[in-house]
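Please read it beside the structure.

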Amino acid sequence: MNFKNMSIKKSLIIGFGTTILISVIIIVSSLLLMNSQKSAYTDIIDSYVESTELIADCRISYNIAARNLRDVVLSGDLTALSTISSKLEELDSLFAQLQDKFPLEDKSTLNGFSDAIKAWETDAKQICEVVRTDREQASTLIVNNCTPKLNAAADAGVKAAEALAVAQAAIIKQQNLTSNIALAIIIGVMVIATVVVLLMAARIIRSIVEPSSQVRAALVGFSQGNLGVPVNFAGKNELGEMCDALRTSQNVLHSVIQDISSTTGQMAKGNFDVELTASFPGDLAPIQTSVNQFVVRMSDTITNIAQSATQVSAGSEQVSNSSQSLAQGATEQASAVEELAATINDISSNSKQTAASAEEARVSVGQAGEQVSISNDYVKQLNVAMQNISSTSEEISKIVATIENIAFQTNILALNAAVEAARAGTAGKGFAVVADEVRNLSSKSDEAAKATKDLIENSITAVREGAEVVEKVTESLEKTTQLTGSVVTLMDRVTDAVENQTTAISQITEGIDQISAVVQTNSATSEECAAASEELSSQANIMHQLMAEFQVGNKTGFSGGAAPRVPSADAGWSDASGADPLMLGGRNDNPFGGPKY
């Protein structure tokens with residue numbers, strides 16, 4: 001019988017049902033043997049013993065009648081003849097009962113006894129008639145006829161009693177032999193049944209303990225971060241399904257972890273042309289989606305930065321050429337205006353870069369906050385899953401407690417059976433052995449149940465510890481979410497401050513442009529623009545070198561929000577509509593033409 005493919009409930013029912021059935025069979029066989037013994041001995045008592053007693057009663061009756069007859073002949077007291085007649089009638093009645101009860105098929109001894117008694121009765125009746133008239137003749141008849149026939153009747157009675165005794169002894173001997181054979185058979189059946197029950201119990205225990213040990217080891221490995229603990233048990237019952245689910249979980253988590261590790265390793269090396277390709281089932285699917293979206297967004301951001309660096313480099317070259325041309329035409333400019341203009345342009349350029357960087361940082365921090373919130377939700381779901389595992393382990397503990405209760409009730413039943421066997425005395429020895437074996441079996445079942453309960457309680461403890469760790473991780477992620485929200489608020493404030501600074505600098509630039517128009521010189525501005533363009537070109541080259549370390553794919557994932565700000569064709573910064581945010585009302589206060597500032 002394969003208990004691996006059988007449900008735990010069914011295997012336990014079969015195990016205990018087999019034990020109870022075998023016990024009932026042995027008990028019924030013992031009762032039948034006892035009943036057979038009782039019937040045999042009752043038959044001996046009712047037939048042989050009673051027949052022997054009837055023979056003795058017959059001998060006593062005719063001896064009393066013979067003694068009374070002798071007394072009548074010797075004394076001449078005829079009043080005693082009535083007593084002799086009643087004894088003869090009693091003798092006839094006893095002999096009739098003996099003929100009915102006599103159990104032997106061979107009636108020769110009984111017939112000899114009957115003939116001897118009838119012959120004596122005939123002479124006794126004749127003597128009773130003779131004694132009335134002639135006592136001497138009656139005395140002669142007693143001596144010559146009655147006494148020899150009385151002795152012959154006694155011998156015939158002894159032979160009949162001996163025949164009954166011999167037959168009775170043979171029957172008792174045969175009954176004892178039958179009883180011994182039946183007892184040996186019952187003992188053999190008990191031994192075989194005990195072996196079968198023990199083997200079945202061992203297989204049931206092994207079919208439960210083996211997968212439970214493997215599941216426990218795998219769960220302990222889970223709690224320690226080890227997904228390589230083997231679970232080799234295979235079956236079609238609940239434990240087999242549990243082991244299959246655990247193996248599947250190990251394979252899925254191992255594949256997911258390897259894919260995430262490989263992808264993040266490539267990202268650490270600057271390669272963003274990657275994505276998670278493993279199968280992320282169930283609640284793990286949002287992790288794959290989030291990571292792939294993060295890779296796409298980072299690829300878009302790096303691509304936009306590279307394009308912006310290229311345009312900045314081209315614009316800076318154009319600005320440098322224009323500034324050199326303007327510097328040759330404008331030989332005299334006020335040094336104060338030149339220095340002020342250069343300083344303001346540096347501040348304006350840096351403030352714009354700061355504003356763009358602050359905006360990107362605010363977006364990245366917001367995305368990080370959203371990712372932390374998603375991770376927090378996943379950890380909460382993991383916490384619920386750990387609680388469900390703990391509840392399932394507690395249900396298994398209840399099942400084991402039920403098994404312990406059954407073993408306890410079986411032990412009590414065995415004790416009661418032992419008490420009843422002790423009351424039955426010698427006839428209950430076989431039943432006592434059965435009760436002792438049942439008690440031993442219940443004790444072993446109780447020990448196995450307790451061992452299983454200890455293993456499951458250890459598993460429950462490990463699950464609870466895992467649940468506590470998950471709760472701590474949840475609390476930590478919630479605190480991280482709060483801190484991320486605070487950082488987002490601070491970045492919003494920084495962005496607003498930079499925008500205000502940009503507006504103020506724009507107003508200062510307008511004033512500088514007016515001063516440049518008044519003094520009609522662009523020499524200082526041109527020189528500063530040339531220096532700024534050279535610096536911008538140098539920074540663009542550095543940015544190109546940095547961006548060359550990254551590898552991105554052709555995937556696009558940017559959606560929603562304002563379009564990124566890129567340099568316009570004339571090297572001025574503009575939004576998606578093409579308007580230059582630094583133009584002061586569309587004025588072109590540069591008398592030498594070229595780009596507008």
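## A buried alanine

Ala435 has 3% relative accessibility, so Ala435 counts as buried. Buried here means under 20% relative accessible area; exposed means over 50%, and partly exposed lies in between (1.4 Å probe, protein chains only). Ala435 belongs to helix α8, residues 429–519. Helices are DSSP runs of H or I with at least four residues, strands are runs of E with at least two, and both are numbered from the N terminus.

What does Ala435 touch, apart from its neighbours within four places in sequence? The partners are Ala414, Ala417 and Ala418. Contact means heavy atoms within 4.5 Å. Leu413 is 22 residues from Ala435 in sequence, and their C-alpha atoms are 8.2 Å apart.

## Basis of the model

The model is predicted: local features need pLDDT of at least 70, and side-chain atom pairs count only at pLDDT 80 or more, while totals for chains, interfaces and linings use all residues. Residues are numbered from 1 along each chain as its sequence is written, and side-chain values use heavy atoms, with hydrogens and water left out.

## The chain as a whole

The protein chain has nine helices and two strands. In sequence order the pattern is α-α-α-α-α-α-α-α-α-β-β. Of its 597 residues, 34% count as buried. Take the contacts in the protein chain with a separation of 6 or more: 78% of them join residues 24 or more positions apart.

Helix α2 spans residues 81–101 and helix α3 spans residues 108–130. Their axes come within 12 Å and cross at roughly 165°. Axes are lines fitted to C-alpha atoms, for helices over the stretch in contact; angles run from 0 to 180 degrees between N-to-C directions. α2 and α3 are therefore roughly antiparallel to each other. The classes are: under 35 degrees roughly parallel, over 145 roughly antiparallel, 65 to 115 roughly perpendicular, and the rest oblique. The crossing of α2 past α3 is left-handed, with the near helix turned anticlockwise from the far one by less than a right angle.

On the α2 side, the contact includes Leu81, Ile84, Leu88 and Phe95. Ala, Val, Leu, Ile, Met, Phe, Trp, Tyr, Cys and Pro count as nonpolar, Asp, Glu, Lys and Arg as charged, and the others, Gly among them, as polar.

The axes of α3 and helix α4 (residues 135–223) come within 8 Å and cross at roughly 160°. That makes α3 roughly antiparallel to α4. α3 also passes α4 in a left-handed crossing. Their contact holds 17 nonpolar, six polar and three charged residues.

## Aromatic rings

How many aromatic pairs does the structure hold? There are three. Rings of Phe, Tyr and Trp (its six-membered ring) pair if their centres lie within 6.5 Å; planes under 30 degrees apart are stacked, over 60 edge-to-face, and the rest tilted. Tyr62 and Phe113 have ring centres 6.5 Å apart and planes at 55°, so this pair is tilted. It links Tyr62 in helix α1 (residues 8–75) with Phe113 in helix α3, 51 residues apart.

Tyr62 and Trp120 form a tilted pair too, 6.0 Å centre to centre with 50° between the planes. Tyr62 lies in α1 and Trp120 in α3, so the pair ties together parts 58 residues apart in sequence. Tyr62 is buried at 1% relative accessible area; Trp120 is buried at 0%. Phe113 is buried. One aromatic cluster is formed by Tyr62, Phe95, Phe113 and Trp120.
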